Amino acid sequence: MSQYSHETVLLQEAIAGLNIAGTGTYVDCTYGRGGHSAEILKRLDAHGHLYAFDADQEAIEAGRERFAEEAKVTFTQGNFRDAAAKLDAFGVDRVNGVLFDLGVSSPQLDDKTRGFSYRGDEPLDMRMDRHQNLTAEEIVHTWPFESLVHVISRYGEEKFAKSIARSIETERGKTKITSTEQLAELIKQAIPAAARRSGGHPAKRTFQALRIAVNDELQAFEDALSAFAAKLEIKGRMAVITFHSLEDAIAKRTLNTYCKTPELPSGLPVIPEHMKPPMKWINKKPIVPSHEEVARNRRARSARLRIVEKIRERRT
């Protein structure tokens, strides 16, 4: 199997935040290349167990190879949206900790067959799960102009979304857009020269948007957070690492619904038990990488870590 250089972001901070118990049951929803999983396994005794999920079959195969002799881990290929439900099939009703490390891993970016990178000539794929049908090429060639504008603007936060979408629409009427290199050049030409001089590669935001759309990442993430909020044991924790503002906003908003006390009627002397929040924030503000980590690994510069702990069951 190919060997890749990959440094896990906010590794020690996330592991410390999970407050791992040796006998506990833990879930790594985004195995990647196993940096977090390896540290969790080190802290589990013979009674503890880790369930590792990833939409990418290659990541799962790499994990099974790496931990072939390890009995404390179970690997499953699949979207983390379905991970909580899949645990039911394993007879797991509750877990002590859950980890999300979102975004694209270094191996995926480096693999020239995947189409995640705008630097190079790759097929327009961008699927985390290669079993699914929808690809970036299909979006680029079949989605209407209005849908392209929405995706690029909403998921990429790209202010030139209309110009980019119009450029794609014009070009696809003349020839087939099949490679990342073709698309990146189209995007570059659609953005004014002055705007291209800052903010990194001009295709970065559009490629992010297409990847999110291909994999339905934001809705899947929100669904998974809610599912695991119900599956956590009391004193169980959820650690979430995000890499851009949309992911972080979803993490903050969704988890805050479990951590925030609802508005109470005026004059109420105490908070009724059924109205108390089921979770609390471990860190009021997101944890960010140290200057040393960012200097060592530029991919870490936009990372944000949020951690919550379940303190009671939610009652209705």
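**Helix crossing and a few residues**

Trainee: How do the axes of helix 7 and helix 11 cross?

Mentor: The axes of helix 7 (residues 145-156) and helix 11 (residues 204-215) come within 8 Å and cross at roughly 105 degrees. Axes are lines fitted to C-alpha atoms, for helices over the stretch in contact, with angles from 0 to 180 degrees between N-to-C directions. Helices are DSSP runs of H or I with at least four residues, strands are runs of E with at least two, and both are numbered from the N terminus.

Trainee: What kind of model is this?

Mentor: This is a predicted model, where local features need pLDDT of at least 70, side-chain atom pairs need pLDDT 80 or more, and totals for chains, interfaces and linings use all residues. Residues are numbered from 1 along each chain as its sequence is written, and side-chain values use heavy atoms, without hydrogens or water.

Trainee: Back to the helices. Are helix 7 and helix 11 roughly parallel or roughly perpendicular?

Mentor: They are roughly perpendicular. That label covers 65 to 115 degrees; under 35 is roughly parallel, over 145 roughly antiparallel, and the rest oblique.

Trainee: Which residues make the contact?

Mentor: Helix 7 brings Val151, Ile152, Tyr155 and Gly156. Helix 11 brings Arg205, Thr206, Gln208, Ala209, Leu210, Ile212 and Ala213. Contact means heavy atoms within 4.5 Å.

Trainee: New topic. Where does UniProt place the "binding site"?

Mentor: The unreviewed UniProt entry puts that feature at Gly34, Gly35, His36, Asp54, Phe80, Asp101 and Gln108. Such annotations may be inferred rather than shown by experiment.

Trainee: Take glycine 34. Is it buried or exposed?

Mentor: Glycine 34 counts as buried, because its relative accessibility is 0%. Buried means under 20% relative accessible area, exposed over 50%, and partly exposed in between (1.4 Å probe, protein chains only). Glycine 34 is in the loop between strand 1 (25-28) and helix 2 (35-42).

Trainee: And where does aspartate 54 lie?

Mentor: In strand 2 (residues 49-54). Aspartate 54 is buried too, at 10% relative accessibility. Beyond four places in sequence, its contacts include Cys29, Thr30, Tyr31 and Gly78.

Trainee: What does leucine 41 touch?

Mentor: Leaving aside neighbours within four places, leucine 41 is in contact with Leu50, Phe67, Glu70, Lys72 and Val73. Leucine 41 is in helix 2 and is buried at 5%.

Trainee: What about glutamate 39, buried or exposed?

Mentor: Buried, with 12% relative accessibility. Glutamate 39 is in helix 2. Glutamate 39 touches Leu11, Gln12 and Ile15, not counting residues up to four places away.

Trainee: Last one. Which residues is lysine 176 in contact with?

Mentor: Glu137, His141 and Gln182, leaving aside neighbours within four places in sequence. Lysine 176 lies in the loop between helix 8 (161-172) and helix 9 (180-190).
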